[in-house]
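Let's take a walk through this model, piece by piece. Keep the viewer open as you read.

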Amino acid sequence: MATDFKFIPIIDIGPLLAKCGDPKMAEDPAVSEAVKQLDQACREAGFFYVKGHGIPDSLIKEVRNLTRKFFELPYEEKIKIKMTPATGYRGYQRIGENITKGIPDIHEAIDCYKEVKPGMYGALGKTMEGSNIWPLDPPKFKVLMEEYISLCTDLSRNIMRGIALALGGSPDEFEGERAGDAFWVMRIIGYPAISSANKPEMPKNDIGCGAHTDYGLLTLVNQDDDITALQVRNLSGEWISAPPIPGTFVCNIGDMLKIYSNGLYESTLHRVINKSARYRVSVAYFYETNFDTAVEPLEICKKRKGGAKKFERAVYGEHLVNKVLTNFG
Ligand SMILES: N=C(N)NCCCC[C@H](N)C(=O)O
Ligand SMILES: O=C(O)CCC(=O)C(=O)O
Ligand SMILES: [Fe+2]
């Protein structure tokens, strides 16, 4: 974030999606308007809402409904899909298991990642090798989530076409070697209500997820309709709320897009504090580069920042593995 934004803008990406397959999309006035808004939001806040995204509201709600049902199950049931190093860090983690900057987060989650087959990326991929583990209860959980992941992947790829134009590139900037075989992560998350977080036996901490940036290119957050808990930090250090807006996703930029854009866009710090008396669920989908891609500032973005590169190259897979290993100490 480069400014003292006070709110997060809403962008109608309908026109962008309608023309996404058209090689002349950049010349379309409605596409240009959406691209202009994406550019401004990415430069000023690193966060924006999207509407007109085409993913059915019924599916988005059902994803949250099944998420809530899963977290309502007894611990013995949830632990059947326990996340361990042996599962490639896929599966269920209890409240306090995920660490952010040394402090346990007050959330529970199921972590999912694109499949990594044994040997696929050599030593680089070893930590993440595995396939997702899904609960049998609620029934249809796996089918629904896999359908949702597939739609989020397509949507993210199309938003990235708009962001490529916003950076002054071609719509295909993030295809091929960069993100043509995009890795993805999904976190299915539950944040306890304030009353349970404040029980005397619980650690005195109400931070659902501590301040962090996301790791890849673009995040899509599907959050509970009626609880404001996600907060985004602006330039002065004020925390700006990202309240739920029905029918939208909250989108934000990750560390790899900060590097590609040479700092024109930043991966903005955000955190989650559930002060409500209700349990909050959210499902965060992370669209990343190819796992083994070495990311460095795009030429077009170096020019826009006076010719010099502001960031060194980073291999996405290394960044992810470092994060996962510190998250779960
Ligand atoms: N895959 C992503 N982006 N996950 C975001 C998790 C943020 C919390 C984590 N403990 C951290 O400190 O990063
Ligand atoms: O729950 C949310 O609203 C956001 C979660 C988040 O920032 C993350 O998992 O990276
Ligand atoms: Fe995040």
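## Ground rules

Here, contact means heavy atoms within 4.5 Å. This is a predicted model, where local features need pLDDT of at least 70 and side-chain atom pairs count only at pLDDT 80 or more, while totals for chains, interfaces and linings use all residues. Residues are numbered from 1 along each chain as its sequence is written, chains are lettered from A and ligands numbered from 1 in the order in which they are written, and side-chain values use heavy atoms, with hydrogens and water left out.

Helices (H or I, at least four residues) and strands (E, at least two) are DSSP runs, numbered from the N terminus.

## The start of the chain

Ala2 sits in the segment before strand S1 (10–12). Leaving aside residues up to four places away in sequence, Ala2 touches Arg43, Glu44, Leu235 and Glu266. Its C-alpha atom is 9.1 Å from that of Cys42, 40 residues apart along the chain.

Is Ala2 buried, exposed or partly exposed? Its relative accessibility is 42%, so Ala2 counts as partly exposed (buried means under 20% relative accessible area, exposed over 50%, partly exposed in between, with a 1.4 Å probe and protein chains only).

## The eight-stranded sheet

Strands of a sheet pair through backbone hydrogen bonds, either parallel or antiparallel. Two strands count as paired if DSSP finds at least two bridges between them. Eight strands make up an open sheet with mixed pairing, in the order S1-S2-S12-S9-S14-S7-S6-S3. S1 and strand S3 (91–93) are at the edges with a single partner strand each, so one side of each has no neighbour in the sheet. From one strand to the next, the twist averages 25°.

Inside this sheet, strand S7 (residues 184–191) and strand S14 (residues 280–287) run antiparallel and are joined by eight bridges. Arg187 has Ala284 of S14 opposite it.

## Helices on the sheet

Axes are lines fitted to C-alpha atoms, for helices over the stretch in contact, and angles run from 0 to 180 degrees between N-to-C directions. H2 lies across S1, strand S2 (47–51) and strand S12 (249–253), at about 155° to S1. Helix H3 (residues 57–72) lies across S3, S6, S7, S9, S12 and S14, and runs at about 120° to S14.

How far apart are the end C-alpha atoms of H3? They are 23 Å apart, which agrees with the 22 Å that 16 residues should span at 1.5 Å a residue (the expected span is 1.5 Å times one less than the number of residues). The buried residues of H3 include Leu59, Val63, Arg64, Arg68 and Phe71.

## H2 against H5

Helix H2 (residues 29–44) and helix H5 (residues 141–166) have axes that come within 8 Å and cross at roughly 80°. That makes H2 roughly perpendicular to H5 (under 35 degrees is roughly parallel, over 145 roughly antiparallel, 65 to 115 roughly perpendicular, and the rest oblique). On the H2 side, the contact uses Val31, Val35, Leu38, Asp39 and Cys42, and on the H5 side Ile159, Gly162, Ile163, Leu165 and Ala166.

## The four-stranded sheet

Another open sheet has four strands in the order S8-S13-S10-S11, with antiparallel pairing. S8 and strand S11 (239–241) are its edges, each with a single partner strand, so one side of each lacks a neighbour in the sheet.

Strand S13 (residues 270–273) points His270 and Val272 one way and Arg271 and Ile273 the other, and all are buried. Strand S8 (residues 207–212) pairs with S13 over three bridges, and Ile207 has Ile273 as its bridge partner. Strand S10 (residues 230–233) also pairs with S13 over three bridges; Gln231 stands opposite Arg271, and Val232 opposite His270.
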